[in-house]
Amino acid sequence: MTTSPRVAVLAGGLTHERDVSLRSGRRVAEALRTSGLEVSVHDIDADLIPALVALRPDVVWPIVHGPTGEDGAVSHVVELLGLRLVGSGPHEARVAWNKPVAKAVLERAGVHTPAYATLPHTLFRELGATSVLDAIVARLGLPLVVKPSRGGSALGVSWVTTADELPRAMVECFAYGDIALVERAVTGTEVAVSVVDLGDGPLALPAVEIVTDGPYDYDARYNAGRTEYFAPARLTPDEAAAVAGVALRVHHELGLSRLSRSDLILRPDGVVEFIEVNVAPGMTETSLLPQAAEAAGYELPALYRALVEASL
Amino acid sequence: MSEQIVPHGPAAGTPSSGAAAGTRLDRWLGSYAQRTHGMRASEIRALFAVANRPEVVSLAGGMPFLDGLPLDTLSELAARVVTERGLQALQYGSGQGDERLREQILEVMRLQAIDAHPDDVVVTTGSQQALDLVTRVFVDPGDVVVAEAPSYVGALGVFRAYEAEVVHVPLDEHGLVPEALDETLTALAAAGRRVKLIYTIPNFHNPAGVSLSLERRPRVLEIAARHGVLVVEDDPYGLLGFEGEPRPAMRSLDDEGVLYLGSFSKTFAPGYRVGWVVAPHAVREKLVLASESAILCPSSASQIAISTYLATCDWRGQVKSYREMYRERRDATLDALAEHLPDSTWTVPDGGFYTWVRLPDGLDAKDMLPRAVTARVAYVPGTAFYFDGSGADHLRLSFCYPTPERIREGVRRLGAVVAAERELVELFGAGSGPHADRVESPGPDLV
Ligand SMILES: Nc1ncnc2c1ncn2[C@@H]1O[C@H](COP(=O)(O)OP(=O)(O)O)[C@@H](O)[C@H]1O
Ligand SMILES: Cc1ncc(COP(=O)(O)O)c(C=O)c1O
Ligand SMILES: [Mg+2]
């Protein structure tokens with residue numbers, strides 16, 4: 001008889017998404033315990049390394065949203081300690097988490113992604129804010145989406161429909177980070193496609209369709225009831241295959257492991273636009289990956305346990 | 001290890017495709033009361049999640065600094081409460097509150113010249129519950145409550161819960177401006193609005209830090225009486241002045257037109273959750289009934305513990321030591337502000353926990369918060385203290401919890417944040433704009 005694996009879940013951290021991460025981490029830990037695993041939950045702080053060294057868990061599952069988590073930094077340390085990870089390796093995470101970098105890589109691989117500009121705030125100082133903003137509007141048109149180049153939970157994301165809203169959106173965005181990503185807004189059906197790999201290769205879960213009365217912002221995500229989800233999404237079989245294909249493509253091209261979630265928009269003309277990918281997708285009560293898993297008929301404890309076991 | 005994990009087919013109730021309705025992840029969405037629909041998930045509130053981490057200097061929360069409490073004495077006292085009066089402490093008590101404690105509360109209030117009878121006092125679960133009871137008893141949906149601009153976020157939340165509309169009246173360094181109050185009440189009457197309460201925090205205002213001058217107090221009461229509106233005097237900080245004697249309460253000038261709210265949260269410890277309201281006879285009867293329907297009775301154990309504390313400990317000495325501690329923190333805050341926030345202005349509190357900072361033109365305290373959190377300092381954006389989401393040009397700094405040294409470091413970080421934000425705002429020429437009204441204050445357990 002083998003003893004069941006011991007899992008260390010990492011959640012929290014000093015990021016703007018600490019609260020979401022703590023909730024995700026607790027949910028996953030609870031599900032793993034239900035599945036019979038021994039689980040400890042750790043914050044990202046000075047106690048972490050001593051705890052991991054003392055515990056020597058069989059596997060570490062980082063569920064830290066935002067920098068030091070999704071950027072792969074913590075995963076890197078876990079690897080340096082000689083421990084196994086549930087999820088993507090540090091180098092792959094670092095590329096995936098940086099939205100303009102991921103877009104550039106995927107665009108070269110033939111994935112559609114909205115036209116964009118990547119703008120460090122120093123650039124505006126050097127070139128003059130007005131002329132840069134004018135050039136953006138001239139090139140990308142309106143409406144636009146302004147977001148931090150690295151971020152999550154829609155924090156710092158603004159939807160800009162007229163040029164005079166743009167300066168304020170830039171200021172809000174730069175409060176979250178030094179580099180802004182300004183994208184052409186695409187309309188269509190917003191779906192999130194989760195990919196899991198239980199050891200037999202990546203598998204796309206059913207797309208989850210998001211319908212909100214306004215932007216899919218922080219409130220729309222975490223105020224249960226505000227947003228209507230369709231899991232699986234209301235897509236034709238061809239459309240469902242197309243979005244699944246893009247999510248698998250993203251997972252593969254970026255070299256991601258074990259689990260990921262791609263946020264996509266299916267345009268009315270059938271083109272699938274890549275918005276962003278998450279290597280540490282939200283796992284809260286209102287998050288998309290758990291909904292997709294349930295729509296596929298998985299029990300969450302069994303699925304999470306399988307992800308752990310595949311990572312040993 | 002290679003045990004098969006297979007999906008069991010679509011989860012029950014999942015539409016196969018083309019179904020009319022999706023899921024909203026809340027089975028009871030159709031059942032909520034109207035007033036619940038306005039409740040929102042706030043990213044600002046989420047940003048506060050890091051504030052309790054030691055790396056962050058939190059100037060956001062309102063938690064009193066309790067390290068000075070004589071815990072040895074208090075633990076003996078707690079043991080005595082159970083050994084000597086256990087059956088009473090663990091039993092239901094009177095809805096109005098423990099009689100002995102109500103007598104002792106009179107003694108506390110005498111420091112602010114309040115003359116009342118033990119029967120006039122209703123003990124509540126913190127003064128927050130007193131706010132709830134008063135609003136429940138007086139305010140119908142659509143009624144107007146007049147409050148200072150800015151005002152205590154917890155009171156605004158209560159007024160919102162009872163579907164009142166809050167109309168703000170400006171304050172200056174001497175507190176609520178009587179002329180503005182008069183004008184507002186006149187305008188509201190002309191518009192046919194029913195104004196039920198004037199809610200005011202006369203001493204060491206939360207968040208503004210200012211106090212209502214002695215000269216203005218009778219004028220405010222006269223205006224309220226002339227317009228026939230009841231005054232709610234919320235005074236949890238009244239004994240925490242840094243200079244001179246406590247000011248006489250407004251209630252000391254008018255025992256029919258004022259409901260006085262007091263609390264042991266700031267002068268002793270908030271964990272017991274004991275506050276009170278002093279009300280004229282007829283009102284008090286209704287408050288007691290309302291309180292019984294809300295909570296049956298305030299905690300007997302807490303009341304007896306506080307009663308024993310007041311009877312056997314040097315509570316006046318404790319208040320004095322709090323005052324000195326908070327004065328030192330206030331000084332650190334103001335000195336650091338002068339050094340690090342050259343183009344902002346702020347109020348100079350002579351008591352309490354807070355100073356109210358006005359940012360340089362065009363800066364938006366709410367938009368700036370993520371930058372501050374990244375720089376490891378937290379504050380509450382001014383928008384929390386306005387009913388309509390305005391106030392973004394201000395922020396509240398609490399100096400109650402961190403040590404003076406940490407305060408100086410926090411304000412230094414804030415100075416750098418303001419400077420960087422200002423540079424950005426100047427670059428883009430963007431001003432601050434209105435925000436949706438949401439609950440954007442930190443939870444009560446935030447330092
Ligand atoms: N180019 C775009 N066009 C239309 N909507 C977009 C675009 N980019 C983002 N969005 C919307 O904004 C939301 C948040 O953007 P996203 O890049 O996914 O940020 P986050 O990492 O915070 O989830 C998306 O879920 C989508 O609704
Ligand atoms: C002005 C004001 N009123 C009431 C309260 C509530 O205090 P408690 O319920 O702890 O007595 C507070 C607490 O911060 C406050 O600042
Ligand atoms: Mg997203």
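Helices (H or I, at least four residues) and strands (E, at least two) are DSSP runs, numbered from the N terminus. The model on display is predicted: local features need pLDDT of at least 70, side-chain atom pairs count only at pLDDT 80 or more, and totals for chains, interfaces and linings use all residues. Residues are numbered from 1 along each chain as its sequence is written, chains are lettered from A and ligands numbered from 1 in the order in which they are written, and side-chain values use heavy atoms, with hydrogens and water left out.

A cavity is a set of points, on a 1 Å grid over the protein atoms alone, where a 1.4 Å probe fits but cannot get out, and lining residues have an atom within 4 Å of a point. The second largest cavity has a volume of about 80 Å³, a volume being the space filled by probe spheres set on the points, which are joined across faces, edges and corners. Among its lining residues are Val108(B), Met109(B), Tyr260(B), Gly262(B), Ser263(B) and Trp276(B).

**Second stop: the largest cavity**

Next, select Pro62(A), Val86(A), Gly87(A), Val279(A) and Ala280(A), which lie nearest the centre of the largest cavity among its 16 lining residues. This cavity holds about 140 Å³ of space. Domain 1 (6-87) and domain 2 (95-113 + 187-311) of chain A each contribute at least three residues to the lining; the domain bounds come from an automatic or database domain assignment.

Glu276(A) lies in strand 13 (residues 272-278) of chain A. Glu276(A) is buried, with a relative accessible area of 9%, where buried means under 20% (1.4 Å probe, protein chains only). Leaving aside neighbours within four places in sequence, Glu276(A) is in contact (heavy atoms within 4.5 Å) with Lys99(A), Arg261(A), Ser262(A) and Asp263(A).

Asn278(A) is also placed in strand 13 of chain A and is buried, at a relative accessible area of 7%. Display Glu70(A), Ser260(A), Arg261(A) and Asp263(A) to see what Asn278(A) touches, not counting residues up to four places away in sequence.

How values were computed. On a 1 Å grid over the protein atoms alone, a cavity is a set of points where a 1.4 Å probe fits but cannot get out, and a pocket is an open set with protein on both sides within 12 Å along at least five of seven lines; lining residues have an atom within 4 Å of a point. Buried means under 20% relative accessible area, exposed over 50%, partly exposed in between (1.4 Å probe, protein chains only).
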